[in-house]
Structures are given as structure tokens and as C-alpha cells.
Amino acid sequence: MPSTVARILKVNHGGEHGASRIYAAQIAAARWRCPELVPELAELLAHERRHEQMFLALVPSRAARPCRLMPLWALGGFALGLMTGLAGRTGVFICTEAVERTVHRHLDHQLAWLAADPARADPELAEAIAAIQTEEEGHLAWAAERRPPQTGAARALYGAVAATVEALIWLSTQGESGRLGREMTVSRRRVA
Ligand SMILES: [Fe+2]
Ligand SMILES: [Fe+2]
């Protein structure tokens with residue numbers, strides 16, 4: 001059975017691949033729908049590709065294997081990117097905000113889990129997650145500052161994107177992401 005660290009790496013690598021596919025598809029759609037966003041989306045895509053390589057580099061030394069659901073991440077990411085890109089600027093911002101906010105919460109749980117027990121200490125992995133999370137915060141801010149006030153339709157799109165990402169994360173970790181989240185919520189309550 002893969003260790004929690006191996007599952008963390010697997011899902012993070014898969015997720016970054018999905019994020020790359022989202023931005024690649026959004027760029028393709030944005031060339032037609034909102035060409036002014038293409039240079040910024042290209043920058044975000046370059047970040048996601050680097051994140052993917054950073055997690056992949058940590059895989060072999062932690063007995064992890066690349067995620068078996070990579071084709072699903074690729075397909076899901078591309079579909080989300082294309083649909084939201086074709087919806088134009090608002091679709092792009094809502095998708096980015098939903099994805100990055102969801103990812104941020106999971107990275108928070110992972111960092112807290114790694115720090116909760118000295119036996120789990122993995123400074124190299126924690127450092128990579130923290131550095132990537134900082135860049136993801138920039139992506140989130142980019143989208144959140146630009147999206148218009150949320151209407152009912154926007155909220156529905158946000159919910160659908162976030163639910164898709166959550167489902168992919170849950171499947172990639174075989175439910176472990178839920179356990180990490182619950183564990184972190186309980187330990188935070190204890191501290192408070
Ligand atoms: Fe990323
Ligand atoms: Fe990102």
C-alpha cells in the first residue's frame with residue numbers, strides 16, 4: 001500500500017499536470033474569446049509545468065509512482081480549461097479561482113500533516129510544497145481580483161469546477177485527501 005507521502009506526491013504531480021492542461025486549453029480558447037489574457041495565461045502555464053517537474057523529481061526517492069489517473073487529470077483539465085475558456089474572461093477567472101482555492105486548501109493540509117509529527121519530517125517535500133503554494137496564491141489573487149461579483153450562474157460554475165477538482169483529488173489519493181483534511185480540522189480545533 002503506498003505511503004501517505006507517496007500519495008501526496010502522486011496527487012500533486014497529477015494535479016499539476018491537470019493544471020497545465022487547464023491553462024493550455026484556456027490559451028487555445030482565449031486566442032479567440034479574450035486574446036488580451038493570452039500572455040498572462042502563458043505565464044501561469046509555465047509555472048504549472050515547472051510545478052509538475054518539481055513534484056516529479058521527488059517521486060523516485062520516495063517510492064512513489066506517477067499517478068495512474070494521469071489520463072483523467074489530462075482529460076479533466078483540458079475539458080475544464082476549454083469550457084471555461086470558451087465562456088470568455090469571466091469563465092477563465094472563475095475556473096482559476098475555483099481550482100487554485102481548492103488546491104491551496106489541500107496543500108495546507110499536506111503541510112500541516114507533514115509538520116504534525118517529527119517522524120514524518122520531509123524538509124525537501126515541505127519546501128517544494130510551500131514554494132509552489134506561494135506561486136499558487138499569486139494565481140488565485142490574479143483571478144480573484146479580476147472576476148466580476150458573483151451571480152447565481154457564476155457560483156454554479158465555481159461549484160462545478162471545485163467539485164471536479166475535489167473528485168479528481170479524492171480518486172488520486174484513494175480517499176486519503178479526505179482523511180488528511182479531517183485530521184487537520186480536528187487538530188486545529190484542539191489547538192484553538
Ligand atoms: Fe501549480
Ligand atoms: Fe496554479
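Helix H4 has 27 residues and spans 38 Å from its first C-alpha to its last, close to the 39 Å expected at 1.5 Å a residue; the expected span is 1.5 Å times one less than the number of residues. Helices here are DSSP runs (H or I, at least four residues), numbered from the N terminus. This is a predicted model, in which local features need pLDDT of at least 70, side-chain atom pairs count only at pLDDT 80 or more, and totals for chains, interfaces and linings use all residues. Residues are numbered from 1 along each chain as its sequence is written, and side-chain values use heavy atoms, without hydrogens and water.

Because 19 of the 27 residues of H4 are buried, H4 is largely enclosed by the rest of the structure. Buried means under 20% relative accessible area, with a 1.4 Å probe and protein chains only.

The largest nonpolar core holds 31 residues, of which Val99, Leu125 and Ile129 touch the most other members. Such a core is a set of buried Ala, Val, Leu, Ile, Met, Phe, Trp, Tyr and Cys residues joined through side-chain atoms within 4.5 Å.

H4 gives the most, with eight residues. A second, separate core has 14 residues, including Phe93 and Trp142.

Contact means heavy atoms within 4.5 Å. Leaving aside neighbours within four places in sequence, Val99 is in contact with Ile22, Val161 and Val165.

How values were computed
Chains are lettered from A and ligands numbered from 1 in the order in which they are written. Buried means under 20% relative accessible area, exposed over 50%, partly exposed in between (1.4 Å probe, protein chains only). Helices (H or I, at least four residues) and strands (E, at least two) are DSSP runs, numbered from the N terminus.
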